[in-house]
Protein chains: 2
Amino acid sequence: MKFFQSSFSPNSRRVRIFLAEKGITIPTELVDLGAKAQFSDAYRAINSRFVVPTLVLDDGTSIGEVLAIWRYLEETHPKFPLLGLTAKDKALVTMWERRAELDGFAAVMEAVRNTLPVLKVRALASPHNYEQIPPLAERSVLRARNFYADLNSRLAEVPFVAGDAFSAADITAVVTVDFARTGINLPIPEEHASLRRWYDTVSARPSAKA
Amino acid sequence: MKFFQSSFSPNSRRVRIFLAEKGITIPTELVDLGAKAQFSDAYRAINSRFVVPTLVLDDGTSIGEVLAIWRYLEETHPKFPLLGLTAKDKALVTMWERRAELDGFAAVMEAVRNTLPVLKVRALASPHNYEQIPPLAERSVLRARNFYADLNSRLAEVPFVAGDAFSAADITAVVTVDFARTGINLPIPEEHASLRRWYDTVSARPSAKA
């Protein structure tokens, strides 16, 4: 296996934390996004959407998309499950992870992509170019604020995003918080005490440094 | 178990086709979206995002989000797998289904939600209200057209979206095509012969009537 990723890519970090939690080490190749290496012929051949990360298996199969890479790693390395163990837990982790992605991660990504001058015609991660829409960036920031408030309410009831145990839902949520802080200057507001308690706990895990 | 859904909801249809392919019958309750039943206290109690569908288990656990409901059904009814059988196939189905959703289904949904007068402040499926953004609706239609072209290229190489076998990726793709036709008047263009061949094949399956 070989893992293609970028240090600055929040989607790559979702996989790096997953690997660290499971104690898996994979040969890694850095894709230099600053040099637009994701648009090179070599990288296009393994990822038709020109995005990191990608996991390439020993038989040459390319797996793109974080959820797909996670699924492969969970199936081949079941120890320390991060996608749930029973049918019910698997469904609940899928649901809460998805909500964190739709309401949180995707909102922050949309805000960044519709704001950064260097991404003027790359407002979406796609093989096609799309122009930025400024009112969309504004709405995205509002969504990210609402995500913080909703997640704070959730974490007032349970220790982790999907319930009693750390899971992939926490990975997406913690990467979202750090991305919002650095990408759109939106740290967790002081008043969200439950969210801050959870963030401190999850950030203290060794995997958070990945 | 009880399945809460709406006949006109494309996300509900993604689950209905999944159930039909597996030959599973579940007691169903219709949620009257026209009467705004998804905002009722009773429905809020099982789905905090006010969206259909929701699967409620016998122990009272509510599972929202199509991917989470699919995961539960696949784990409890493994016969006729739709999310892949081996680790590699599971990853590939996850990847292709996700691309169909991100590039196709989500684009059509975004076009509809940012256009229909009745959804003026419901431009996103969310517990919060968001105003429509007209330039976003225009971009969504362009994305849907690009999705058709890309999927046509893919289906010139393989019989089904994820490869050799029918899977959940085909379900999302076929629901997207029908939704684009009825929701934004965008049928498959004549020139996309491979896409049309695939659509005819998949639509002829008994599950497509679900």
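How far apart do the C-alpha centres of domain 1 of chain A and domain 2 of chain A lie? They lie 20 Å apart, in a predicted model whose local features need pLDDT of at least 70 and whose side-chain atom pairs count only at pLDDT 80 or more, while totals for chains, interfaces and linings use all residues. Residues are numbered from 1 along each chain as its sequence is written, and chains are lettered from A, with ligands numbered from 1, in the order in which they are written.

**The two domains of chain A**

Chain A is divided into domain 1, residues 2-76, and domain 2, residues 87-209, with bounds that come from an automatic or database domain assignment. The contact between them takes 12 residues from domain 1 of chain A and 11 residues from domain 2 of chain A, where two residues are in contact if their C-beta atoms, placed from the backbone, lie within 7 Å. On the side of domain 1 of chain A that touches domain 2 of chain A, the largest share, seven residues, comes from helix α1 (residues 10-22) of chain A; helices (H or I, at least four residues) and strands (E, at least two) are DSSP runs, numbered from the N terminus. By class, this side of domain 1 of chain A has seven nonpolar, one polar and four charged residues, with Ala, Val, Leu, Ile, Met, Phe, Trp, Tyr, Cys and Pro counted as nonpolar, Asp, Glu, Lys and Arg as charged, and the others, Gly among them, as polar.

**Where the chains meet**

In the interface, 29 residues of chain B are in contact with 29 residues of chain A. The elements that give two or more residues to the side of chain B that touches chain A are β4 (62-64), α3 (66-76), α4 (87-113) and α5 (134-155) of chain B, and the largest share, eight residues, comes from α4(B). By class, this side of chain B has 13 nonpolar, seven polar and nine charged residues.

Chain B has an open sheet of four strands in the order β2-β1-β3-β4, with mixed pairing, where two strands pair if DSSP finds at least two bridges between them. Because β2 (28-30) and β4 of chain B stand at the edges, each with a single partner strand, one side of each is left without a neighbour in the sheet. Neighbouring strands of this sheet are turned by 20° against each other on average, direction ignored, with axes being lines fitted to C-alpha atoms, for helices over the stretch in contact, and angles running from 0 to 180 degrees between N-to-C directions. The table sets out strand pairs from both chains, each with one residue pair.

| Strand pair | Sense and bridges | One residue pair |
|---|---|---|
| β1(B), residues 2-5, and β3(B), residues 54-56 | antiparallel, three bridges | K2(B) and V56(B) |
| β1(A) and β2(A), residues 28-30 | parallel, three bridges | Q5(A) and L30(A) |

**Two enclosed helices of chain B**

Helix α3(B) lies across β3 and β4 of chain B, running at about 120° to β4(B). Nine of the 11 residues of α3(B) are buried, so this helix is largely enclosed by the rest of the structure; a residue is buried if 20 or more other C-beta atoms lie within 10 Å of its own, exposed if 12 or fewer, and partly exposed in between, the C-beta atoms being placed from the backbone. Among these buried residues are W70(B), R71(B) and E74(B), and what covers the buried residues of α3(B) includes α4 of chain A together with α1, β3, β4 and α6 of chain B.

Helix α6 (residues 168-184) of chain B is also largely enclosed by the rest of the structure, because 12 of its 17 residues are buried, including D170(B), F179(B) and A180(B). The buried residues of α6(B) pack against α1 (10-22), α3, α4, α5 and α7 (193-203) of chain B. Just after α6(B), N185(B) takes a positive phi of about 55°.

**Two loop residues**

In the loop between α4 (87-113) and α5 (134-155) of chain A is T115(A), which is partly exposed, with 19 other C-beta atoms within 10 Å. The C-alpha atoms of T115(A) and A137(A), 22 residues apart along the chain, are separated by 6.4 Å. In chain B, E131(B) is placed in the loop between α4 and α5 and is exposed, with 12 other C-beta atoms within 10 Å. Leaving aside its neighbours within four places in sequence, E131(B) is in contact with V121(B) and A123(B).
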